[in-house]
Amino acid sequence: MSTVADHRPHLSTEEVIDLACRLYGLHVRTCEPLPSERDQNFYLKTQSNDSFVLKISSAAEKRDILDLQHQAMARLGAHHGGGIWPKICQTENSEEITIIDGENGVSYMVRMLTYVPGIPLVNINPQSPDLLDNLGMFLGQVGLALEGFSHSATQRNLKWNMDNGPQVVRTCLDNISNPDQRGLVEHFLHQYEALVAARLLSLRRSVIHNDGNDHNVLVDDVDPDDPSCWKKQVVGLIDFGDIVTSYTIAELAVSLAYVMLNKSNPLTAAAHVVSGYHRVFPLTEQEIELLFHFVCMRLCMSVSISAQQQQDEPENEYLSVSEAPGWKLL
């Protein structure tokens with residue numbers, strides 16, 4: 001069975017600099033690799049001091065999924081003007097997506113996005129109640145903007161799609177070697193199947209970003225000389241690779257699963273985010289009742305998938321970045 005690593009591209013920084021010049025006419029001054037689960041991403045700074053992100057997609061990626069990402073970014077730019085969104089750059093041949101040849105006859109899709117400036121939420125400590133409330137409002141605006149948006153590509157089979165949560169967790173359970181940890185995941189899995197599964201058909205569904213983790217949420221530090229958090233505002237959301245059609249509430253649940261990590265009072269932190277979200281994009285009574293279980297399911301997916309990926313790629317530290325705090329939160 002093939003793994004994520006089997007499809008991941010392996011271009012050198014020299015090859016990426018050459019690509020940027022040949023395809024986009026850019027004269028790159030610096031080229032830095034960025035972490036990614038499936039693809040290769042590079043932060044480029046040109047000699048004219050402009051910044052971009054060059055993305056080489058996994059060989060398993062489908063073109064219609066990239067089109068879904070592009071259209072969603074354009075939709076958010078048009079309907080959520082308060083946020084800063086990546087924009088697609090065209091090649092000198094006016095292409096948004098270009099095919100390149102890799103090793104052993106494998107082809108990869110290449111594209112370039114504008115760089116979105118900001119401080120990842122994970123680097124803001126402490127995260128004040130006002131900032132968490134603002135995050136909720138921002139996610140609510142994302143929900144409003146994507147309401148009614150549709151696309152033929154849905155990423156139905158994506159392992160990070162919460163439609164597949166229980167199935168994914170069950171598939172990965174045997175990779176959790178610690179019996180206490182495995183029992184903890186089984187506990188929340190049984191709760192989800194008993195209390196949530198029968199009510200899923202009545203929940204709202206929409207296209208969601210599906211990866212609002214604290215590395216992808218960007219904050220604008222209005223006054224870098226002032227360490228207080230109250231001035232900070234969420235300004236952007238990056239990495240649309242996990243975008244799916246799923247339960248609308250999953251957007252909030254995914255973000256909460258990461259916001260609650262490493263907090264002394266995780267439920268209080270979550271409440272601030274939920275409050276901001278609800279004021280902008282009101283939750284239904286049923287969504288409020290089931291939200292906690294969605295958060296727990298996302299956490300179970302995270303630690304279970306991490307356990308599987310560590311067996312496939314034990315040397316890739318990025319794949320387990322949230323595992324230890326995830327177990328503690330569960």
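This is a predicted model: local features need pLDDT of at least 70, side-chain atom pairs count only at pLDDT 80 or more; totals for chains, interfaces and linings use all residues.

Reader: Ok, how many helices and strands does the chain have?

Author: Ten helices and eleven strands. These are DSSP runs numbered from the N terminus, with helices being H or I of at least four residues and strands E of at least two.

Reader: And what's the radius of gyration?

Author: The chain has 20 Å, which agrees with the value near 20 Å for a compact globule of 330 residues. That's over C-alpha atoms, and the globule rule is 2.2 Å times the number of residues to the power 0.38. The C-alpha trace spans about 55 × 50 × 40 Å along its principal axes.

Reader: How much of the chain is buried?

Author: 53% of the 330 residues. Buried means under 20% relative accessible area, exposed over 50%, and partly exposed in between, with a 1.4 Å probe and protein chains only.

Reader: Switching to helix α7, how many of its residues are buried?

Author: Eleven of eleven in α7 (residues 249–259), so the helix is largely enclosed by the rest of the structure. Among them are Glu251, Ser255 and Tyr258.

Reader: What covers those?

Author: The cover includes α4, β8 (205–208), β11 (244–247), α8 (266–280), α9 and α10 (323–329), where contact means heavy atoms within 4.5 Å.

Reader: New topic, how many aromatic pairs turn up?

Author: Five in the whole structure. Rings of Phe, Tyr and Trp (its six-membered ring) pair if their centres lie within 6.5 Å; planes under 30 degrees apart are stacked, over 60 edge-to-face, the rest tilted. Take tyrosine 192 and phenylalanine 294: their centres are 5.7 Å apart and their planes at 75°, so this pair is edge-to-face.

Reader: Where do those two sit?

Author: Tyrosine 192 is in helix α6 (residues 179–195) and phenylalanine 294 in helix α9 (residues 285–312), 102 residues apart, so to speak linking distant parts of the chain. Both are buried, and together with Tyr247 they form one aromatic cluster.

Reader: Last one, is asparagine 164 buried or exposed?

Author: Buried, because its relative accessibility is 15%. Asparagine 164 lies in the loop between α4 (129–146) and α5 (165–172). Not counting residues up to four places away in sequence, asparagine 164 touches Arg156, Asn157 and Leu158.

Note on methods: Residues are numbered from 1 along each chain as its sequence is written. Side-chain values use heavy atoms; hydrogens and water are left out.
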